[in-house]
Amino acid sequence: MATKAWIENEYVFVTTDVSVAPSDAIDVPDGITPQDLVIDNGVLRLKTEQEKLQDLKQRKLQELKQYVANLLSRTDWVIIKLQSLRDEGWSDTEIQAEMQKYAGVLAQRKAIREWNLQMEQAIQNAQSIEELEGVKIEFTG
């Protein structure tokens, strides 16, 4: 089965149906997706392993960001409440007393943020696609 790729309106297209490919489409290996290709000075070419790794890192970082936002959103109400107390003119002593009530929640949020920084570093430090795939986004703290 032949696979063709081409550039149209600054987008990369790939098809196995050669009847829809324009005459200037290039042959690419089977199984290639548009994400595996890059436009380099107007010429379509396969991404290098390093380019693929960088793309995957960006996707993994985005996945981490969404995961952490979801974890933190569950307890955002505590932060909003404490901020509203300050806005309402509560004293520092009163606010500290309220913070003690939520010490466990605040500690958990801090642990999530610290874990997030460690995960970001692990993603950035990955030297191969296999190593990056080994970085699992799952907070267990």
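In which helix does R109 lie? R109 belongs to helix α4, which covers residues 103-125. Before I continue, let me state that what we are viewing is a predicted model.

I begin with the helix itself. Helix α4 is built from 23 residues, and from its first C-alpha to its last it reaches 33 Å. That is close to the 33 Å expected at 1.5 Å a residue.

Which residues of α4 are buried? They are R109, I112, W115, N116, M119 and I123.

Leaving aside residues up to four places away in sequence, R109 touches L72, T75, D76 and I79.

Two of those partners, D76 and I79, take part in the contact of α2 with α4. I turn to that contact now. Two packed helices are described by the angle between their axes and the distance between the axes. For α2 and α4, the packing angle is about 115°, and the axes are 10 Å apart. The crossing in which α2 passes α4 is left-handed. On the α2 side, the residues are D76, V78, I79 and L82; on the α4 side, V105, L106 and R109 meet them. Sorted by class, this contact comprises 5 nonpolar and 2 charged residues, with no polar ones.

Let me move to the strands. How far apart are R109 and K4, C-alpha to C-alpha? In space the two are separated by 49 Å, and in sequence by 105 residues.

Strand β1, residues 3-8, pairs with two strands that I shall take in turn. With β2, residues 11-15, the pairing is antiparallel and runs over 5 bridges. Within this pair, W6 stands opposite F13 of β2. The hairpin of β1 and β2 has 2 residues between the strands, and N9 there adopts a positive phi near 55°.

With β3, residues 26-28, strand β1 again pairs in the antiparallel sense, over 3 bridges. Here A5 has I26 of β3 as its bridge partner. As a general point, in a regular strand the side chains alternate between the two faces of the sheet.

Terms used. Residues numbered from 1 in each chain as written. Predicted model: local features only at pLDDT ≥ 70, side-chain atom pairs only at ≥ 80, totals over all residues. Heavy atoms only, no water. Helix = DSSP H or I, 4+ residues; strand = E, 2+ residues; numbered from the N terminus. Contact = heavy atoms within 4.5 Å. Expected span 1.5 Å × (residues − 1). Buried < 20%, exposed > 50% of the residue type's maximum accessible area, 1.4 Å probe, protein only. Pairing = 2+ DSSP bridges. Axes fitted to C-alpha atoms, helices over the stretch in contact; angles between N-to-C directions. Left-handed = near helix turned anticlockwise from the far one by under 90°. Nonpolar A, V, L, I, M, F, W, Y, C, P; charged D, E, K, R; others polar.
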